Amino acid sequence: MSAGGKTVVLLACFGVRAEPWLAALSKAAPDFELRVWPDAGDKDEIDYVVVWAQPNGFLRQFPSLRAVLCIGAGVDRILEDTDLPKVPIARMRDEGLTQGMVEFVLARVLHYHRLMPAYEAQQRQGVWRQLAAPLARDRAVGVLGLGQLGAACAASLAANGFKVRGWSRTRKDLPGVQSFEGPLEAFLAPCEVVVCLLPLTPATRGVLNAATLSQLSGASLINVGRGAHLVEDDLIPALDAGHLANATLDVFATEPLVAGHPFWTDPRITVIPHASALTPPGTAGPTIVANIRRHLAGQDLLDLVDRAAGY
Ligand code: NDP
């Protein structure tokens with residue numbers, strides 16, 4: 001139950017600095033009572049939890065909880081909780097987050113498209129050699145996942161002239177994007193760059209594996225989905241076999257990537273510390289508050305998670 005008629009929101013984002021979120025939420029919702037875990041006060045008063053990477057069973061301790069709002073677009077960590085209360089869960093859809101991901105993906109696709117790894121290798125050897133790069137219209141880029149992030153990245157790649165193919169559960173109608181559903185192998189075969197922006201679900205875990213990667217020839221992989229989309233043990237063999245030429249990994253099965261892991265030192269692999277698109281509190285704080293206000297007004301939350309589908 002709310003405290004003194006005020007809506008009580010608990011910020012419980014594990015592994016994330018609370019201050020910027022508290023500042024953004026306070027600015028957007030001066031009329032709410034904001035609490036920051038572990039200072040939850042009377043747990044019976046908590047109406048909403050804004051969450052990231054909570055421990056198992058964490059959300060169960062708030063008996064009056066009305067809904068959970070995630071600061072990230074991926075809710076796999078939330079759904080791993082085996083003792084989740086049966087309240088609605090909203091994931092993050094935010095223009096700042098989307099823009100960040102679009103910029104990162106475009107940067108990496110252009111990096112590979114314009115043969116930067118080859119020039120960097122040449123420079124290390126003192127080699128002066130011009131290499132012919134095809135135009136974007138002759139470069140096939142495949143985007144796995146055509147949701148809020150995948151569709152925005154596909155649109156930006158198409159606007160930059162790339163031949164864009166997109167793979168999703170259901171076929172989409174997006175300008176400049178050839179949309180596919182069905183077996184991943186057939187989708188991947190013509191791709192020269194592959195961008196993974198899938199949610200992690202039982203159906204997508206391990207989709208990038210020896211069999212699927214073997215469809216590619218000299219391609220570049222950009223994994224910005226989740227580490228477990230890739231069978232990590234299959235990556236270096238796929239590079240050695242020439243199915244892949246290089247890979248940018250922003251996400252890993254275990255984060256941080258452990259010291260001494262071969263990915264750290266393989267020159268074909270770029271390791272990014274899960275930073276391709278950090279949710280910006282400045283834009284996402286007001287998004288969360290607007291969603292809570294909607295719910296308080298009796299409407300369904302936007303961007304509700306389908307627990308059965310896992311995203
Ligand atoms: P959405 O839920 O909006 O989109 C998910 C897309 O994946 C949809 O197009 C969906 O198909 C498709 N999909 C789901 N399951 C399958 C399947 N089994 N086969 C084929 N396609 C499938 O998610 P977002 O775009 O918001 O986010 C995508 C993911 O990006 C997040 O779940 C998260 O893992 C990752 N992410 C990573 C970040 C980072 O910093 N690295 C930051 C933010 C997100 P359909 O449209 O038919 O439902």
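Phe32 is buried, at a relative accessible area of 6% (buried means under 20%, exposed over 50%, partly exposed in between, with a 1.4 Å probe and protein chains only). The residue sits in the loop between α1 (18-28) and β2 (33-36). Helices (H or I, at least four residues) and strands (E, at least two) are DSSP runs, numbered from the N terminus. The model is predicted: local features need pLDDT of at least 70, side-chain atom pairs count only at pLDDT 80 or more, and totals for chains, interfaces and linings use all residues. Residues are numbered from 1 along each chain as its sequence is written, and side-chain values use heavy atoms, with hydrogens and water left out.

Phe32 and Cys191 are 159 residues apart in sequence. Their C-alpha atoms lie 49 Å apart in space. Cys191 is also buried, at 2% relative accessibility. Cys153 is buried too, with a relative accessible area of 1%.

The disulfide count is zero (a disulfide is a pair of cysteine sulfur atoms within 2.5 Å). For Cys153, the closest cysteine sulfur is that of Cys196, 11 Å away and too far for a bond. For Cys191, the closest cysteine sulfur is again in Cys196, at 12 Å, which is too far for a bond.

In soluble globular proteins, nonpolar side chains tend to be buried together. The largest nonpolar core here has 46 residues (a core is a set of buried Ala, Val, Leu, Ile, Met, Phe, Trp, Tyr and Cys residues joined through side-chain atoms within 4.5 Å). Val105, Val109, Leu157, Val195 and Ile288 have the most contacts inside this core. Helix α3 contributes its largest share, eight residues. Domain 1 (8-94 + 279-296) and domain 2 (95-271) each supply at least three residues to this core; the domain bounds come from an automatic or database assignment.

The second largest pocket holds about 410 Å³ of space. A pocket is an open set of points on a 1 Å grid over the protein atoms alone, where a 1.4 Å probe fits, with protein on both sides within 12 Å along at least five of seven lines; lining residues have an atom within 4 Å of a point. The volume is the space filled by probe spheres set on the points, which are joined across faces, edges and corners.

The lining of this pocket has 20 residues. Tyr112, Pro117, Ala118, Ala245 and Asn246 lie nearest the centre. α3 (95-113), α4 (116-124) and β11 (244-249) each supply at least two lining residues. α4 gives the most, with five.
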